[in-house]
Amino acid sequence: YLENVPVVCHLKDANAIGIIGPEEYRYEMLKNILYDICTRQFITDISLFFIAKPEHSDRISRFRFLPQVNNPNVGFRCIACEEEGKNRIFDVLYQALSEREEDKSAEHIIVFFYDEYGFQTHPVSKYLLEANKHHATFVFMADEKGNIPTGCSQHIYADGKNSGYIL
């Protein structure tokens, strides 16, 4: 057993990943994941989407200036913190995922759910178990594992500002 080693997740191979733990630690882990993705990947290789309930809009809206969040195909930044925006993003995701199974050159979509916020009741949820075949990964965050949709390839427990472990 090794302590304090980096947690490695292969987002491109995963259908979904759950990040569990206290809200302040999950947010720190989200920022670290984003820093890593945005510095290591070319801008056109990934698209980032963020879904959060209105009470977390101040945290999520901070990511609006990342170039990977701006989607020129739909003409808006892919951050939703209210009902109408969430439904619009779910519809965009559903359309994109249903069109891209055969397109191997498509950019990888990473959808961060700061809150589950209706995902399981929308038709886009049917892609949860085969998201990687459609060049996408869902990342869910919650206080407890029971609040994460079933079907995640990995669960990470954020147990400190800059630490966590795979469950």
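The legends below describe close-up views of a predicted model. Local features require pLDDT of at least 70 and side-chain atom pairs pLDDT 80 or more, whereas totals for chains, interfaces and linings use all residues. Residues are numbered from 1 along each chain as its sequence is written, and side-chain values use heavy atoms, without hydrogens and water.

**View 1. Helix α1 spans residues 23–40.** Helices (H or I, at least four residues) and strands (E, at least two) are DSSP runs, numbered from the N terminus. The expected span of a helix is 1.5 Å times one less than its number of residues. For the 18 residues of α1 this gives 26 Å, which agrees with the 26 Å between its end C-alpha atoms. Buried residues (under 20% relative accessible area, 1.4 Å probe, protein chains only; exposed is over 50%, partly exposed in between) of α1 include Y27, L30 and I37.

**View 2. Helix α3 spans residues 83–99.** Its 17 residues reach 25 Å from first to last C-alpha, close to the expected 24 Å. G85, K86, I89, F90, V92, L93 and L97 are its buried residues.

**View 3. H108 lies in strand β6.** H108 is buried, with a relative accessible area of 7%. Leaving aside residues up to four places away in sequence, H108 touches (heavy atoms within 4.5 Å) L11, K12, D45, I46, S47, H135, A136 and T137.
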